[in-house]
Amino acid sequence: MIRYLAGLLLGFAINVQAQTIDVTHYGAKPDSFEDATESVGKAIEASKTQEQTVISFPKGRYDFWPDKAIETHYYISNSSSEEEFPVKKQRVGLMLKGLKNVTLEGNGAEFVFHGKMITWVIDSSENIKIRNISVNYERPGMSEMTLKEISPTTVVASIHPDSKFSIINGRLEWYGEKWVARNFHAVLVRPEKGILLYSTWEPFLKSKAEVIAPLTVKFTGDFSKFKAETGEVLTVRDRYRDYVGAFINRSKNIGLHNLHMNSMHGLGIVSQFSENLDYDSIFVEPAKNSGRVIASSADGMHFSGCRGQITVNNCRFNGLHDDPINVHGTHLKVTEIKSPNSLRVKFMHPQTYGFEAFAAGDTVAYLHAASLQIFNHGIVKATRLISEREMLLEMQTPLPQELKAGDALENTTWTPSVTIKNSRFEGILTRGNLITTRRKVIIENNVYYRTGMHAILIENDASGWYESGAVTDVIIRNNQFIECGFNSAPNNYVIHINPQAHELVPGYYVHRNIRVENNVFKVYDEPILSALSTDGLTFTNNTIERTQFLPALKSADAIKLVACKKVTISNNRFENAAKPVVSINKMNKKDLKSNIPIRSN
């Protein structure tokens, strides 16, 4: 009898593991160009009756249209403001909500989305995997044109076939499937050097456009101040972030593997208030042989208010208008002390608001916004979102007497550990990685190739973007930093530790314990590392090589330190480089151990 029951249990376990749902059984037809949205939705719904499910897509192309897609109402961090996108309505191609133990197996399938859509949403779900899929849009939100001729009065450009346009009353209009671009942001791509530069669409807006050959447009106007060279690609998008590429919300144990994100609207893959995220072999780049140069209108991966372990491994980012990886929380500003135990707080940045930033049981840090000084902690008892912008919080214990309107709160419960490794960042307009979390951070074995700004930025602010918080344990090791920072010159430090502490408090340091070890820096200019208000900074065993990529400005020292202590700079090799100097300000030489010259400012 016991053996019989054991056999039944074993058989049940095997059946659970083997449960597969084929989307073609629900009407999806690969390579048919028919709308698969509804059929795939039925397959996802069927998975809710199973303990463990693989939703399988036989290899081929699947098209998703917004007409029958689920409409959602998400407030997503760092997306559009009330003025830009007042009513939060987003169509979603694949809605994975309230699911457990589901794997989306693409088998190499291509998902093609139409119009403006979020590709997929994972919401309130656990143990979800998405793998072996490529994602593209029939009409990407980015328009691209290669500059063929440039003079002070004319520009001739070859338009990429994916970039739909029309000439209306002598003006070029970019359009897509049920959308028209109206608020322009332009970036110039220099393909032979692999760099992205800020540009403008203004002279084209004011010019006369005419088609002179298939996909070739001549613009006539004032281009005397337009800086570009023939062969470069001008990329143009709507600057409003009304959609994101994908959205993971209030979920845990999420795995993304072998995904080719060839184009994404808006902010890329956004993970918000989710935990334990394992993203492996994600390639945010244009499809090979597509002729396109941009894959994402903004970030590649954006993590807001997450916790647990975030791991980004074996990934590649190439062709982004903004940062490949940004990890942060959100500071909310104290607007009113309601009672000894309660207060009103407010979302301050125009693009971040509307979601439950705190919940009962969360621990919060109280801090002064101007200095970022944390002066106490508390635990939330109850919360209420009273508007898109404001929350009421009741705390378990009385508020600190020091707390006042204008201070800020950070949710320290929702802060993740982060590992970024074995990945490549290139073709980036801005920074490589932005990291602000109090838990352990490891950044290792990566290549940062010609990122337009700092390869790594550690900030923290309660006055601008309101992205929190302090770091306490960061290791940056065994990476290659190659010719980064040209868009942020003269402040073109490869690694920039820059908390927005507008007031420095004697004896208080915003960041702690940052080690930069065994890296290779290939730089065309002097700046390598800068740090502000950091306690415990090590820069050791690094190799610095000088290149001729761009003319050196020589306007800054190799290492810049302001109001730091317990700094060690040792055993670094400066090959064929100018004699390095460490500049210090608002600190004493005793706070620094260095084997290279020190300059006090």
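Leaving aside neighbours within four places in sequence, Asn-460 is in contact (heavy atoms within 4.5 Å) with His-331, Leu-372, Thr-436, Glu-467, Ser-468, Gly-469, Ala-470, Pro-499, Gln-500, Val-510 and His-511. The model is predicted: local features need pLDDT of at least 70, side-chain atom pairs count only at pLDDT 80 or more, and totals for chains, interfaces and linings use all residues. Residues are numbered from 1 along each chain as its sequence is written, and side-chain values use heavy atoms, with hydrogens and water left out.

Asn-460 sits in the loop between strand S38 (456–458) and strand S39 (467–468). Strands (E, at least two residues) are DSSP runs, numbered from the N terminus. Asn-460 counts as buried because its relative accessibility is 4%. Buried means under 20% relative accessible area, with a 1.4 Å probe and protein chains only.

Strand S34 covers residues 424–428. Four of its five residues are buried, so the strand is mostly covered. S34 pairs with strand S25 (residues 316–320) in the parallel sense, over four bridges. Two strands pair if DSSP finds at least two bridges between them. Arg-316 stands opposite Arg-424 in S34. S34 also runs parallel to strand S37 (residues 447–449), joined by three bridges. Here Arg-424 stands opposite Val-447 in S37.

Strand S6 (residues 100–113) has parallel pairing with strand S2 (residues 53–56), over four bridges. Ile-55 stands opposite Leu-104 in S6. Strand S3 (residues 61–64) likewise pairs with S6 in the parallel sense, over four bridges. Arg-61 stands opposite Glu-110 in S6. Ten bridges link S6 to strand S8 (residues 126–137), again in the parallel sense. Lys-100 stands opposite Glu-126 in S8.

S11 and strand S12 (residues 171–176) run antiparallel and are joined by four bridges. The bridge partner of Ile-168 is Arg-171 in S12. Strands of a sheet pair through backbone hydrogen bonds, either parallel or antiparallel.

Note on methods: Buried means under 20% relative accessible area, exposed over 50%, partly exposed in between (1.4 Å probe, protein chains only).
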